Structures are given as structure tokens and as C-alpha cells.
Amino acid sequence: MKGRVIMNNELNICIVGMGSRGLTVLEQIIHQAPRYKTQFAAVFVHMVDPGKPGVGIHDTDQPEYFLLNTICSQLTAFSEPSSKEHLCFYQWSKQRYQSVRTIDPGDFLPRRWLGEYLSWSYEMLCQQAPDHLRMKHYQTEAVDIQSSRCGRERVILQDHTSILAEGVFLTTGHANIK
């Protein structure tokens, strides 16, 4: 954040788009949180997405016959999925759906299952966040990003409110272009 003016010893970070890529950014922010604690009194993570965090394009209401085009063992929401809490999609699916059907590492599973997994991953990350990391989800769209005079970015939301942040991550993926 070189060259940025930090107000009130607080760091504000905004993630626009909370699908799978937004989760990746959130995980890295949480991973770096101990470092932030020595530099800032508080770190605010503002997450903007009109849908449920994590789900992205993998709507949990899709029919079961809409399958992923990637085998389940190659998908994970975590950069280090080896811990008991950080399950990859295959492990999570076996725990959750093994009673429904046999699940093998090479299976192409329903897209909605991935949406459920990504939503679960978001909840896991939020539970693991330290106290000085304050997170808020804005269930709306960002309509503009503008540079402000104080060196921060202003994220304008659909209801005309805004978020001032030292850093903005655009992780919109398959956004509807208007």
C-alpha cells in the first residue's frame, strides 16, 4: 500500500465479486492478518456481491444434472487444503453426499454441489478470521470505482452509497455486462 494515505490507523480493503476468486483473495487476506495487526489497529474487509458469498456462478438451485466440467478432486477453495478443516471439494463431497451416491476422485459432480461447497468454504474462512479483521458483506452490485483525492478508491454501490478503501480487488468473473 505504498503511496496511500492510511486514515485513523485502519486499513480498508474491498473485494468486488465474492465467487471462487473472491474467496481466494479473502483467504490470502486472512492468512496475512497477523502481519496487518502489527501495522493497523483494525482491518476492514468489505465484500460486494449481490449473491451469497462463495457461490458465484454455481447456483445452489441448479438441477443435479448440470455437471461441472472439471473432476471433483481437482477443485479446492483453499491454498493449503491438507488440514482437517480445509477440505478439498472431493473430500467435502464424500463427507456430505457419500450416503446418496458413491463418489470417486475422477467424478464430474453437480454444479450446485460446488456452490454449496464454496458457500461452506466462505463460512469456514469467516470463522477462522482473527478478531482485528472485520468483515462485512454488501449484498448489492458495485456500479463504479473512482479514485478519491485522499489516495483511496471509492467503490460506488447500486444504492449510491460508497466504500472508501486503500485497495480494491475486482474478482467479478462471469459478470453480466450491461
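Reader: Hi! Before we start, what does "buried" mean here?
Author: Buried means under 20% relative accessible area. This is a predicted model, by the way.

Reader: Thanks! So is C88 buried or exposed?
Author: C88 counts as buried, because its relative accessibility is 13%, and the cut-off is under 20%.

Reader: Switching to helices: how far apart are the end C-alpha atoms of α1?
Author: They are 28 Å apart. Helix α1 covers residues 20–39, and at 1.5 Å a residue its 20 residues should span 28 Å, so the two values agree.

Reader: Where does α1 have a kink?
Author: At A33, shortly before the proline P34, with a bend of about 55 degrees. A33 is also one of the buried residues of α1, which include L23, I29 and Y36.

Reader: What covers those buried residues?
Author: The cover includes the strands β1 (10–16), β2 (42–48), β3 (133–138) and β7 (167–170), along with helix α3 (111–128).

Reader: Oh, α3 again! At what angle do α2 and α3 pack?
Author: About 100 degrees, with their axes 10 Å apart. That angle makes α2 roughly perpendicular to α3.

Reader: Nice. Which residues meet there?
Author: From α2, F89, W92, S93, R96 and Y97. They meet R112, W113, L114, E116, Y117 and W120 in α3.

Technical notes
Residues are numbered from 1 along each chain as its sequence is written. This is a predicted model: local features need pLDDT of at least 70, side-chain atom pairs count only at pLDDT 80 or more; totals for chains, interfaces and linings use all residues. Side-chain values use heavy atoms; hydrogens and water are left out. Helices (H or I, at least four residues) and strands (E, at least two) are DSSP runs, numbered from the N terminus. The expected span of a helix is 1.5 Å times one less than its number of residues. The bend at a residue is the angle between axes fitted to the seven residues ending there and the seven starting there. Buried means under 20% relative accessible area, exposed over 50%, partly exposed in between (1.4 Å probe, protein chains only). Contact means heavy atoms within 4.5 Å. Axes are lines fitted to C-alpha atoms, for helices over the stretch in contact, and angles run from 0 to 180 degrees between N-to-C directions. Angles under 35 degrees count as roughly parallel, over 145 as roughly antiparallel, 65 to 115 as roughly perpendicular and the rest as oblique.
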